[in-house]
Amino acid sequence: MMAAAIAFALTGCDKTNSENGGGEGTPDTLTYGGVTYKTVTLSNGQTWMAEPLRYVPEGMTPSGDPKSDAHIWYSYKFDADGNPVADESSVEERGYLYDMYAALGGVEVTPENCKSFEGAQGICPDGWHIPTWDEYFALCGKSNEMENGNGASSNTEALFYDTEYDGGKVGIANEAGWNVVFSGARQKNEFSATTMQYVKTQLSETNCTIEEFYGAPAMTYFMSSTFDKTYAPKDSPETITKIYFMSMMTTFTKTYSEGRLSLSNAHCEMGQQLRCIKDAE
């Protein structure tokens, strides 16, 4: 039954794409679901969408309310008081925020199947897939240690790695044509949570030295398909309250004032930006 559901999720939408060129920083385009995306082929041979996905699966409707279990949410801007406000008009620039259910095309993530989605196509176009931890680690070179032991050391050969930051650097990623877009994140930390919200931290002179970034969300999560671990309270070990997948995230502080990229984990119901990566040939 699960296999049939996944097969439907992967084939139940129109998907077309152009041929992509090769070489360092080679730009091209991908047309999918009536939208044309910029793509980039990096020097390590990976070909990525160079902008966030803007695809709405059949039967789903994006929401501007992070408390809604809509599975897809608009990105947001900040009002004069620094409060996040849904911004439908910015979808073309910043895409949607997806949880894993939406990204997989309407497949529920459970303790029984959570390890089975590594490299899944999900709602990405034919020939493309939801990125894995390995594919992000090849970019940023820094990760929190996972339950399986990955991430215990830095990958100093990663494309966007900066020694001072001990992780990827936003400026290096942008120079390579990957085009970091600040979409923010919809926060939900466990299945039973009742307090869901957009992450409120905003880029300003207090945490960033790049003025053109000011006003954007400081913390953006880029979804991966790599499972990390499940969590259950000690007093109820049979009750799984969280299922974690790995994500690449932005960090802006006085120490990382130009933006750091590294991998951490996020509960599967968190709303995140989705970039698709082309299957290896």
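Here are some notes on a predicted model, going from its sheet and a helix to a few single residues and a pocket.

1. Some ground rules. This is a predicted model, so keep in mind that local features need pLDDT of at least 70, side-chain atom pairs count only at pLDDT 80 or more, and totals for chains, interfaces and linings use all residues. Residues are numbered from 1 along each chain as its sequence is written, and side-chain values use heavy atoms, with hydrogens and water left out.

2. Start with the open sheet, where 5 strands sit in the order 9-10-15-14-13 with antiparallel pairing. Strands (E, at least two residues) and helices (H or I, at least four) are DSSP runs, numbered from the N terminus, and two strands pair if DSSP finds at least two bridges between them. Which strands are at the edges? They are strand 9 (161–162) and strand 13 (221–231), each pairing on one side only.

3. Pairings to look at. Strand 13 and strand 14 are antiparallel and share 7 bridges; in this pair, Phe-222 stands opposite Met-248 of strand 14. Strand 10 (residues 167–169) and strand 15 (residues 260–267) are antiparallel too, over 2 bridges. There, Gly-168 has Leu-261 of strand 15 as its bridge partner.

4. Strand 13 is largely enclosed by the rest of the structure, because 8 of its 11 residues are buried. Buried means under 20% relative accessible area, exposed means over 50%, and partly exposed is in between (1.4 Å probe, protein chains only).

5. The helix across the sheet. Helix 4 (residues 133–140) lies across strand 9, strand 10, strand 13, strand 14 (242–251) and strand 15, and runs at about 155° to strand 15. For that angle, axes are lines fitted to C-alpha atoms, for helices over the stretch in contact (heavy atoms within 4.5 Å); angles run from 0 to 180 degrees between N-to-C directions. Helix 4 is largely enclosed as well, because 6 of its 8 residues are buried: Trp-133, Glu-135, Tyr-136, Phe-137, Leu-139 and Cys-140.

6. A proline on the way in. Pro-131 is in the loop between strand 8 (128–129) and helix 4. Is Pro-131 buried or exposed? Pro-131 is buried, because its relative accessible area is 0%. Leaving aside residues up to four places away in sequence, Pro-131 touches Trp-48, Tyr-136, Met-223, Ser-224, Ser-225, Leu-274, Arg-275 and Ile-277.

7. Most residues other than glycine have a negative phi. His-71, in the loop between strand 3 (47–49) and strand 4 (72–74), has a positive phi near 80°, and is partly exposed at 23% relative accessible area. Asp-166, in the loop between strand 9 and strand 10, has a positive phi of about 45°, and is partly exposed at 24%.

8. The largest pocket. Its volume is about 230 Å³. A pocket is an open set of points on a 1 Å grid over the protein atoms alone, where a 1.4 Å probe fits, with protein on both sides within 12 Å along at least five of seven lines; lining residues have an atom within 4 Å of a point. Grid points are joined across faces, edges and corners, and the volume is the space filled by probe spheres set on the points. The lining includes Glu-93, Arg-94, Asn-174, Phe-182 and Tyr-214. By class, the lining has 6 nonpolar residues (from Ala, Val, Leu, Ile, Met, Phe, Trp, Tyr, Cys and Pro), 3 charged (from Asp, Glu, Lys and Arg) and 2 polar (from the others, Gly among them).
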